[in-house]
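Hello,

Here is the model I promised to pass on. Have a look at it first, and then read on for what turned up.

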Amino acid sequence: MSNRLIALLLTLSLIPLAAEARQFFRYKDADGQTVINSSIPPEFVKNGYEIIDDKGVVLREVAPQLSEEEIRNRRAEEQRVQEERVRDAELVKLYRSPGDVDRAMRTWLSRLDMEIRLKDNRIDILRTEFNALQSQAANQERAGQAVDAELLTQMAEIEAEIAAYQAEIDHVEARKTEAREDFAADRERMEIIYERLNGRPWEDTSASN
């Protein structure tokens, strides 16, 4: 093989090495100053850097490493977005528009109101029974007699039952408040979904019908 051919082959084999040797790292040092060097100290890798050629053209960019807090925040945001997608899919199955949410809320609150009325009616009946027993106890006292122990027991049981029904009513009232908040959130989200699916904002035409 001639010396000329050998020299040519050696030149060609060195071209990739020369091209690789022209790559540099551009990064920020501890003082925030931009540094360009053929290597990057390990302590600055986490801050991110760029790989450039000898003309300053960016060949590749390496993003900064996330802190533990940033990783947690990103995961929390990804989870929130995923939960929102799941909830949106559920809302689309339940409703066609924000108006459907309003109708569902009225129906549900009406059921809770009926539940409260039934418990109120039961309390009224119990109070009538209690008043009758209390009248008997008063008659016994006026007659100079000791109030019958069984009578007192019945009165105590009725009072306890009334208190239990009242606690149930308070619980239903709390459910009504929670339901209003949930339906309001669903309605607000349905307005966004409706506009996204239909390309226009939702308009409530029920008032004009």
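To start with a detail: at the start of α5, which backbone nitrogen does a side-chain oxygen of Asp-148 reach? It is the backbone nitrogen of Glu-150, and the oxygen comes to within 3.1 Å of it. Please keep in mind throughout that this is a predicted model.

Now for the two helices. Helix α4 covers residues 98-142 and helix α5 covers residues 149-198. With 45 residues, α4 spans 65 Å from its first C-alpha to its last, close to the 66 Å expected at 1.5 Å a residue. For α5, which has 50 residues, the corresponding reach is 72 Å, close to an expected 74 Å. A glycine with positive phi follows each of them: Gly-144 comes after α4, with phi near 80°, and Gly-199 comes after α5, with phi near 75°.

How do α4 and α5 sit relative to each other? Their axes come within 9 Å and cross at roughly 170°. Angles over 145 degrees count as roughly antiparallel, and α4 and α5 are therefore roughly antiparallel to each other. Sorted by class, the residues in the contact of α4 with α5 are 24 nonpolar, 5 polar and 18 charged.

The other part I would point you to is the strands. Strand β1 (residues 24-28) pairs with strand β2 (residues 34-37) in the antiparallel sense, over 4 bridges. These two strands form a hairpin with 5 residues between them, and Gly-32 in the turn has a positive phi of about 80°. β1 also runs antiparallel to strand β3 (residues 49-52), to which 3 bridges join it.

If you then move to Tyr-27, you will find Val-35 of β2 standing opposite. As you look along the strands, remember that in a regular strand the side chains alternate between the two faces of the sheet.

That is what I have for now.

Best wishes

Methods
Residues numbered from 1 in each chain as written. Predicted model: local features only at pLDDT ≥ 70, side-chain atom pairs only at ≥ 80, totals over all residues. Heavy atoms only, no water. Axes fitted to C-alpha atoms, helices over the stretch in contact; angles between N-to-C directions. Parallel < 35°, antiparallel > 145°, perpendicular 65-115°, else oblique. Nonpolar A, V, L, I, M, F, W, Y, C, P; charged D, E, K, R; others polar. Expected span 1.5 Å × (residues − 1). Polar contact = N/O pair within 3.5 Å; in protein donor to acceptor, adjacent residues only side chain to side chain. Pairing = 2+ DSSP bridges.
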